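Here are my notes for your first look at this fold. Keep the structure open and read the points in order.

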Amino acid sequence: MIVAFSVAPSGGPSAQSDGSVHDAVAAAVRVVRDSGLPNRTSSMFTEIEGEWDEVMDVVKRATEAVGEYGTRVSLVLKADIRPGWTGELDGKVSRLEAALGDGS
């Protein structure tokens, strides 16, 4: 499965003067990267690929890491559950790029 998620703190002194919560987000991304599972981070989401239990464990631990920066945590999560498929973090993008390349 692939999970795209975004997690951010609120309700405390977590934000910088410009409203940024990058320190809290960095704590979450560190958990994801340390997991060893395939992942990528963009400006709004982190994607992680693996089996249900291992991915959800990482999301939980990343959420807990962000919880250290505020009294409340917001979590947005989207999952693509496709049993038997692996390598889809890159595979889906490759198929899209191929389709765009041939005019489809």
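1. The expected span of a helix is 1.5 Å times one less than its number of residues. Now apply it to this predicted model. H2 has 16 residues and runs 22 Å from its first C-alpha to its last. That is close to the 22 Å expected.

2. Step back to the whole chain. The protein has three helices and four strands. Along the sequence they come in the pattern β-α-β-β-α-β-α. The C-alpha trace spans about 50 × 30 × 20 Å along its principal axes.

3. Which residues of H2 are buried? They are Val55, Val58, Val59, Ala62, Thr63, Ala65 and Val66. These residues lie on the same side of H2, because they cover an arc of only 155 degrees around the axis. Asp53 and Lys60, on the other side of H2, are exposed.

4. An α-helix has 3.6 residues a turn, so residues three or four places apart point the same way.

5. What do the buried residues of H2 pack against? Their partners are S1, H1, strand S3 (46–49) and strand S4 (72–80).

6. Look next at the largest nonpolar core, which has 17 residues. Among those with the most contacts inside it are Val3, Phe5, Ile48 and Val58. Strand S1 (2–10), helix H1 (22–34) and helix H2 (52–67) each give two or more residues to this core. H2 supplies the largest share, six residues.

7. Finish with Ile48. Beyond its neighbours within four places in sequence, Ile48 is in contact with residues including Val3, Phe5, Val32, Val55 and Val58.

Methods: Residues numbered from 1 in each chain as written. Predicted model: local features only at pLDDT ≥ 70, side-chain atom pairs only at ≥ 80, totals over all residues. Heavy atoms only, no water. Core = buried A, V, L, I, M, F, W, Y, C linked by side-chain atoms within 4.5 Å. Buried < 20%, exposed > 50% of the residue type's maximum accessible area, 1.4 Å probe, protein only. Contact = heavy atoms within 4.5 Å. Arc of directions from axis to C-beta.
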